[in-house]
Amino acid sequence: MAIPPRTTTPGVYRQYGQQHPVQRVGPNVTDDYERWYTEATPSNRMVLSIRSGINSEIAWALDRLYRLCANDQFILKTIPGLTDALFEWPEWYATEGYLVAEQYRLFAMPDAEHRKRRHALESIFILRNSATNEPNAYELANHSRTLPLLFNALTNLAPDTDMNTEFVLNAIELLQAISLGVILPDPASNKKDPLPTLLQIAGYSSNRSLIVSALTLLAQLFSNIQNTRRLDSNSPAVAASIRYLPLFVDRALVDASLNYLYAHLSHPPMVKAFLHHPLMPSTLRVLVSFLLSEQVEETVNLDISAVTRAIPATTVVIPVHDLTKEELETLVTMPEPQRCYEWMKIMFVSTPDGELTQVDFWTLYKDAFTPFADRHPVLVASDVIKNVNVVFPQAQAMVLPGPPQRFVVRGVDRRKDTEAAPRFKCLWERSQCSAPPFEAPGELYDHLLQHLESSENPEPPCLWATCPLPSTSKQRLRPHLLTHLSSSQPPAKHPSQDDTITVTADGESYPFTDPTKRRPPPPRQTNISYTRPVADPPSAALTALLIIRILFRSSFVATTDTAPRVDGEHFGFPGVVEDDEGDDVVEDIGGELEGERRGRRAFVGVRRMMEDVRMKDETLMSWMVEMVYAAYDGLFRS
């Protein structure tokens, strides 16, 4: 840390009085005090120093201006004569000073000439920095000496020499600042024309700074409609832009290349010619690759799981209660309707959510007591249904609207046996078979075949519990019996299969009444991951998208539609062509149709890449979708 200067002399002896320095008020004329140098008078010190011809004074003034020109408050026109003074040295170098510099390419220049060249470089650098401020750019654009200076510099000076590179670079960047109203001269005239030099720099120079500046300036110049007449389909700037386009890491160079390509292809004749360029397909691929490299995406995880419940995969089914032999013998001898009441108490229970069809009620009653109807009469179906309300007051017989209509009894359900029935118990003769349970399904099947063979009826019905199968032949009944037998072993299960079954929370109870109509279970993986764009693409990517869009419109939008023919026989529809007139052959004027075909083939080749482009803006994304769809259609048109 610097030690602050002392303001008083260290006292060795005792001081008898305190002495205060006298403060004098006056103008601050110390060096670097900008107000002293920027006074808006013709006798401004910096203007006089530049015009003095004294090298030390000129160097001092240019050094001060070098510091001031980067300030937004520095305005050239506020200092009278400053702009004209700054033009003197650059004009000397652009017209005659460069000739002296060319004589000393291998050796050092004399001191006097070297100082003049330094003054020219510093002056044009100050003008270039000042032009970044809008008032100064307007002042220089309307100054009569600006364009002659810049055109002379870009015409006379060789840009590939070390002596001229810095001066040419400042001249190009100064011309960029005022290029809005610059009109390029006609090549047939004898006026100074900077375009050949700019094209040479862009196409053949090895200096990156010059290339970037030249491409940027060319893009600005050709953005003016009056300069598009100087465009050339074989311009070296086009080849240079295509050559530098894959250098994604060099953003400045890529931006300059994209801006020039956009300005060049915005002119319809140029884009039609570009469709025939041998590097057009690869250029399109690079542009789409640039879009993919510039997009910023984020991964979004979305949970779509619903409320579910898990139930065991294997359950013990508790069978419904069937009349035992003892219960049947007791009920048969009872008079009606007492027998019906007692039968319902044994077979059914009150359940608020239970529901049985009226047909099931009548069928169970009829199957149980019809065999004894000759000695003990049975009730009709309507009386059986009416008795439900006597035994179960909360039950209610009703008709549910259809179609089809359903006649049900709500509030009752079948009684369940308290103990699970043996697995291989014979339920023939409507569960009245007295055979003990068997050890295996094969033994039970052999026993059922004995029942079948002992029947004298050639077409007996299936008497297994409550099976509704009607009468059929014994040959068909044998395979049907297998449907009532349970497997001796549970079915094989995949190692990845869980021991539980996941169903919807509001679904019906398990086991399902009709498994083929149950609701589909929720997906196994309920966490969806996808990517989406975070922000809109940067300006360079938007320029690339515009170039792709121009190529797309030129390739897929027909520009050579056949004009309708005048024909008085079609009553106001001149475009109607009779079938017998043959196919019209459209003339390919200038190879436009072939260019469109090449463009469509190029888009077909990058359609997979364009599918991966994601943009946040819906309009821009709709452009990509349209081009992808058109590329797939182009498979048949190309």
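Me: Which helix is Glu 429 found in?
Reply: A word on the ground rules: this is a predicted model, in which local features need pLDDT of at least 70, side-chain atom pairs count only at pLDDT 80 or more, and totals for chains, interfaces and linings use all residues. Residues are numbered from 1 along each chain as its sequence is written, while side-chain values use heavy atoms, with hydrogens and water left out. Helices are DSSP runs of H or I with at least four residues, strands are runs of E with at least two, and both are numbered from the N terminus. With helices assigned this way, Glu 429 is found in α19.

Me: Which helices do the buried residues of α21 pack against?
Reply: In α21 (residues 474-481), the buried residues are Lys 474, Leu 477, His 480 and Leu 481. They lie on the same side of α21 because they cover an arc of only 110° around the axis, the arc being that of the directions from the helix axis to the C-beta atoms. Taking contact as heavy atoms within 4.5 Å, the buried residues of α21 pack against α19 (428-431) and α20 (441-454).

Me: Which exposed residues does the other face of α21 carry, turned away from its buried side?
Reply: The buried side of α21 includes Leu 477 and Leu 481. Turned away from that side is a face with the exposed residues Gln 475 and Arg 476.

Me: How many disulfides does the count come to?
Reply: A disulfide is a covalent bond between the sulfur atoms of two cysteines, and here it is counted as a pair of cysteine sulfur atoms within 2.5 Å. Cys 433 is buried at 9% relative accessibility, and its sulfur is too far for a bond because the closest cysteine sulfur, in Cys 426, is 3.6 Å away. Likewise, Cys 462 is buried at 0%, yet the closest cysteine sulfur to its own is 3.6 Å away in Cys 467, too far for a bond. The count of disulfides comes to 0.

Me: At roughly what angle do the axes of α16 and α17 cross?
Reply: Axes are lines fitted to C-alpha atoms, for helices over the stretch in contact, and angles run from 0 to 180 degrees between N-to-C directions. Angles under 35 degrees count as roughly parallel, over 145 as roughly antiparallel, 65 to 115 as roughly perpendicular and the rest as oblique; α16 and α17 are roughly perpendicular to each other. The axes of α16 (residues 338-347) and α17 (residues 358-369) come within 12 Å and cross at roughly 115°.

Me: Which residues of α17 are met by α16?
Reply: From α16, the residues taking part are Arg 339, Cys 340, Trp 343 and Met 344. Their partners in α17 are Phe 361, Leu 364, Tyr 365, Ala 368 and Phe 369.

Me: What value is omega near in the peptide bond from Glu 336 to Pro 337?
Reply: Pro 337 lies in the loop between α15 (325-332) and α16. The bond from Glu 336 to Pro 337 is cis, with omega near 5°.

Me: Which residues does Asn 164 touch, not counting residues up to four places away in sequence?
Reply: Asn 164 lies in α8 and is buried, with a relative accessible area of 1%. Its C-alpha is 9.3 Å from that of Ala 153, 11 residues away in sequence; Ala 153 is itself one of the buried residues of α7 (residues 146-156). Beyond four places in sequence, Asn 164 touches Tyr 93, Leu 157 and Ala 158.

Me: How far apart are the C-alpha atoms of Ile 242 and Thr 283?
Reply: Ile 242 lies in α11 (residues 236-244) and counts as buried at 11% relative accessibility. Setting aside residues up to four places away in sequence, Ile 242 touches Phe 274, His 277, Leu 279 and Thr 283. Ile 242 and Thr 283 are 41 residues apart along the chain, and their C-alpha atoms are separated by 6.6 Å.

Me: What percentage of the residues of the chain count as buried?
Reply: The secondary structure of the chain comes to 25 helices and 7 strands. Of the contacts with a separation of 6 or more, 70% are between residues 24 or more positions apart. Of the 638 residues of the chain, the share that counts as buried is 37%.

Key
Buried means under 20% relative accessible area, exposed over 50%, partly exposed in between (1.4 Å probe, protein chains only).
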